[in-house]
Amino acid sequence: MTDVDVAIVGAGAAGLAAATMLREAGRSTLILEASSAPGGRARTSFPPVLGGAWLDEGAAWLHQAEQNPLVPLARQAGHRLTPAFRSESRLYIDGRLATAAEHAAYERAEARWTETVIARTAEGGPDIDVATAAGPLRLSDPWVPTLEAWSASLIDAVDAPRLSLADWNTNQLDGTNLNPPNGLGRLLRDLLEEPAGPIRYGAVVRRIGWNGGGVAVETAEGSVSAGAVIVTVSTGVLASGLIAFDPVLPAEAQAAIADLPMGLLSRVVLRASGDDRLGMDAGTMAFRQVRRFGDPFMSFIAWPRGTDHVIGFVGGDAAWKLAPDPAAATDFARAEWRALFGAEADSNFAPGSFTTDWGTDPYNLGAYSYARPGGAGARAALTLPLGDGRLLFAGEACRTDGLAGTVGGAVLDGRRAAAAILEQGAGGHR
Ligand SMILES: Cc1cc2nc3c(=O)[nH]c(=O)nc-3n(C[C@H](O)[C@H](O)[C@H](O)COP(=O)(O)OP(=O)(O)OC[C@H]3O[C@@H](n4cnc5c(N)ncnc54)[C@H](O)[C@@H]3O)c2cc1C
């Protein structure tokens with residue numbers, strides 16, 4: 001039995017930030033982390049198939065730099081952040097590069113679609129889904145399937161008919177995007193692991209008792225008793241029942257979790273077999289026109305940082321379908337690449353690939369949360385302290401400021417939960 005002021009479940013951005021703030025205020029903390037490393041869904045790794053190049057498997061971009069708490073922290077620590085998405089974006093139609101006029105038509109369609117959908121949010125009324133919000137444009141404009149594939153399935157990791165319009169609109173992330181030089185997972189680790197204090201790795205929390213003066217946080221290796229607990233696991237993990245709450249969570253909290261399911265965004269990485277870079281500069285983004293709604297779709301970033309690999313991104317229903325089968329995901333990536341560059345382009349790649357496992361890893365169960373239509377209020381509902389402030393949820397899913405689903409939002413939310421504990425004086429009495 002270990003005894004601390006505040007126990008924290010999860011060593012992702014939210015958990016690390018919460019622990020840091022509590023420790024600075026003189027509280028004792030212990031983070032319990034199921035996996036063997038800090039960072040959670042921000043993970044920089046070196047997949048063997050990439051021959052030494054690093055890969056951000058999850059979060060890669062510091063979104064909304066103007067509001068992102070990691071940006072000043074990184075700069076103070078001397079990290080040089082570079083603007084993201086500076087390379088060309090290439091649209092392909094039926095196996096050929098679109099003309100300049102077609103690229104321009106696509107951009108006009110994007111502006112029209114965004115304007116139409118945003119106008120629906122301004123109308124008030126019930127929180128409908130993003131697909132319905134496009135109205136007649138969905139039937140008349142041939143670019144809308146591509147725009148939905150990008151704006152919903154890839155960016156929000158869920159297909160448009162299942163995504164709350166209000167939540168989509170709140171989390172537009174239309175500010176500046178920056179990249180850290182050595183990966184976002186690595187940056188998070190460098191900045192936040194040490195100040196967060198003790199972390200117990202391989203500690204899978206299975207039960208949280210919160211009925212009484214303090215809390216009991218139980219793992220297979222033992223129990224931690226604390227004045228309060230901050231739970232930062234994903235809403236996918238919460239919904240899975242991996243952690244039993246005793247007493248069970250109030251109906252409002254359960255409804256909030258159900259209204260914030262996890263979307264899925266997967267990366268499939270292929271490595272070049274030779275020197276042919278198909279005339280594309282480092283970081284070129286390539287994608288094709290989507291003809292039908294729900295057609296599985298992949299966009300690519302070619303040769304990031306001058307490396308010899310391409311990263312394919314697949315999101316929403318298509319990603320969930322491929323999640324249990326990395327070989328099928330690789331076949332899909334190769335087929336999508338052929339759809340852009342022709343059958344012979346398949347020989348650009350060496351055998352083997354790397355596919356992320358966010359959908360199947362029991363400690364993530366998805367990439368990031370989205371709100372169901374009608375569920376946009378769930379993020380605020382999940383922040384409400386339970387048991388006189390002894391039990392708090394925190395993390396990306398709890399943000400209501402436009403940073404839901406981001407690392408920056410998770411950091412801010414860990415701090416929010418820590419501040420709530422300090423304000424209420426909870427977590428000090430055991
Ligand atoms: C593919 C992908 C791309 C993304 N792209 C971006 C991006 O470019 N920019 C951006 O800002 N964000 C991006 N995100 C989102 C971002 O990674 C998350 O919003 C953020 O990292 C979430 O932090 P968190 O602390 O809320 O949760 P997490 O990082 O999930 O932390 C929770 C921790 O809890 C642990 N845990 C789970 N269950 C248990 C248990 N029972 N006991 C103990 N520990 C447990 C987990 O292992 C994890 O470490 C992306 C995510 C993915 C997956």
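Visitor: Which strand gives the most to the lining of the second largest pocket?

Guide: This is a predicted model: local features need pLDDT of at least 70, side-chain atom pairs count only at pLDDT 80 or more, and totals for chains, interfaces and linings use all residues. Residues are numbered from 1 along each chain as its sequence is written, and side-chain values use heavy atoms, with hydrogens and water left out. Strands (DSSP E runs of at least two residues; helices are H or I runs of at least four, and both are numbered from the N terminus) that each supply at least two lining residues are β4 (55-56), β5 (82-83) and β18 (309-315). The one that gives the most, with 3 residues, is β18.

Visitor: What volume does the second largest pocket have?

Guide: The search uses a 1 Å grid over the protein atoms alone; a pocket is an open set of points with protein on both sides within 12 Å along at least five of seven lines, a cavity is a set where a 1.4 Å probe fits but cannot get out, and lining residues have an atom within 4 Å of a point. Points are joined across faces, edges and corners, and volume is the space filled by probe spheres set on them. For the second largest pocket that gives about 620 Å³.

Visitor: Which residues lie closest to the centre of the second largest pocket?

Guide: Domain 1 (2-58 + 184-261 + 368-424) and domain 2 (89-176 + 265-355) each give its lining at least three residues; the bounds come from an automatic or database domain assignment. Of the 25 lining residues, the closest to the centre are W61, N179, G283, P304 and R305.

Visitor: How many residues of that lining are nonpolar?

Guide: Ala, Val, Leu, Ile, Met, Phe, Trp, Tyr, Cys and Pro count as nonpolar, Asp, Glu, Lys and Arg as charged, and the others, Gly among them, as polar. The lining of the second largest pocket has 4 charged and 6 polar residues, and its nonpolar count is 15.

Visitor: How much space lies in the largest cavity?

Guide: The whole structure holds 2 cavities of 30 Å³ or more. The space in the largest cavity is about 70 Å³.

Visitor: Which are the edge strands of the open sheet?

Guide: The sheet has 7 strands in the order β7-β6-β16-β17-β18-β15-β19, with mixed pairing; two strands pair if DSSP finds at least two bridges between them. Inside it, β6 (89-93) and β16 (284-288) pair in the parallel sense over 4 bridges. Pairing on one side only marks the edge strands β7 (96-97) and β19 (354-355).

Visitor: How far is an oxygen atom of the ligand from an N or O atom in the side chain of R41?

Guide: R41 is among the nearest of the 39 residues around the ligand, where near means a heavy atom within 4 Å. For the side chain of R41, the distance is 2.7 Å.

Visitor: Which two residues does a cis peptide bond join?

Guide: Most residues other than glycine have a negative phi, and most peptide bonds are trans. F85, in the loop between β5 and β6, has a positive phi near 55°. P247 sits in the loop between β13 (244-246) and α10 (251-258). With omega about 5°, the cis bond joins D246 and P247.

Note on methods: Polar contact = N/O pair within 3.5 Å; in protein donor to acceptor, adjacent residues only side chain to side chain.
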